Amino acid sequence: MRAAPRYTGWPTSTGSACPSDAKASEDDGVPGFVSVSPSRDPDLDPGFVGEIQAVYLLPEYWGQGVGQLLMAAGLRRLGEAGYHEVTLWVLETNWRARRFYEAGGWRVDGSTKTDSSRGFRLAEIRYCRCRSTA
């Protein structure tokens, strides 16, 4: 199992490029991916703060270290692009994901938002970490 980056970079205000995603690949398919970008949050400077937009992994790969591999690939790429602070959003009730992030050094920063784009309300909380704690 390896994380293979797919570079669809865009320049950040620091002049670096940042890929949109990396995928975990195996001979029989793609069990997961991580997607990164400059921060999309209006209260943060996208020139200094990166964002993990998504980490997805098929359930049959949970608990095997693949999620850690994907997260490391995303953080590494954000670091290569010059970001030292990184955030991510997670559903408030997604306890499995929250335990995974907290075990990896992520901390709740107190910011919340509600996504109603699917016709119902989803409460999300923001996590952050300094890349130097990776």
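**Figure 1. Residue classes in the lining of the largest pocket of the predicted model.** In this predicted model, the lining of the largest pocket is made up, by class, of 22 nonpolar, eight polar and nine charged residues. The lining numbers 39 residues, and those that lie nearest the centre of the pocket are Val55, Val90, Asn94, Ala97 and Tyr101. The space in this pocket comes to about 1,100 Å³. Strands S6, S7, S8 and S9 and helices H1 and H2 each supply at least two residues of the lining, and S6 gives the most, with seven residues.

Figure 2. Is Ala97 buried or exposed? Ala97 has a relative accessible area of 15%, and therefore counts as buried, for which the cut-off is under 20%.

**Figure 3. The buried and exposed faces of helix H2.** Helix H2 spans residues 95-103, and within this helix Ala97, Arg98 and Tyr101 are buried. Seen down the axis of H2, these buried residues fall within an arc of 100°, so they line one face of the helix. An α-helix has 3.6 residues a turn, so residues three or four places apart point the same way. The face of H2 turned away from the buried side carries the exposed residues Arg99 and Ala103. The cover over the buried residues of H2 includes helix H1 (66-80) together with strands S6 (49-57), S7 (85-91), S8 (107-115) and S9 (122-130). Just after H2, Gly105 takes a positive phi of about 95°.

**Figure 4. The largest nonpolar core and the contacts of Ile52.** The largest nonpolar core holds 21 residues, of which Ile52, Met71, Leu88, Val90, Tyr101, Trp106 and Tyr127 touch the most other members. Two or more residues of this core come from each of strand S5 (29-38), S6, H1, S7, H2 and S9, and the largest share, five residues, is that of H1. When neighbours within four places in sequence are left aside, Ile52 is in contact with Val34, Ser35, Val36, Met71, Gly74, Leu75, Leu78, Val86, Thr87, Leu88 and Trp106. Among these partners, Met71, Leu88 and Trp106 are also listed with Ile52 as core residues that touch the most other members.

**Figure 5. Arg40 in the loop between S5 and S6.** Arg40 has its place in the loop between strands S5 and S6, and its relative accessible area of 51% makes this residue exposed, because the cut-off is over 50%. Which residues does Arg40 touch, not counting those up to four places away in sequence? They are Glu51 and Gln53. Arg40 and Glu51 are 11 residues apart along the chain, and their C-alpha atoms are separated by 7.5 Å.

Figure 6. The chain has 134 residues, of which 43% count as buried. Among contacts with a separation of 6 or more, 52% are accounted for by residues 24 or more positions apart.

Definitions and conventions: Residues numbered from 1 in each chain as written. Predicted model: local features only at pLDDT ≥ 70, side-chain atom pairs only at ≥ 80, totals over all residues. Heavy atoms only, no water. Buried < 20%, exposed > 50% of the residue type's maximum accessible area, 1.4 Å probe, protein only. Helix = DSSP H or I, 4+ residues; strand = E, 2+ residues; numbered from the N terminus. Arc of directions from axis to C-beta. Contact = heavy atoms within 4.5 Å. 1 Å grid on protein atoms, 1.4 Å probe; cavity = no way out; pocket = protein on both sides within 12 Å on 5 of 7 lines; lining within 4 Å. Points joined across faces, edges and corners; volume = space filled by probe spheres on them. Nonpolar A, V, L, I, M, F, W, Y, C, P; charged D, E, K, R; others polar. Core = buried A, V, L, I, M, F, W, Y, C linked by side-chain atoms within 4.5 Å.
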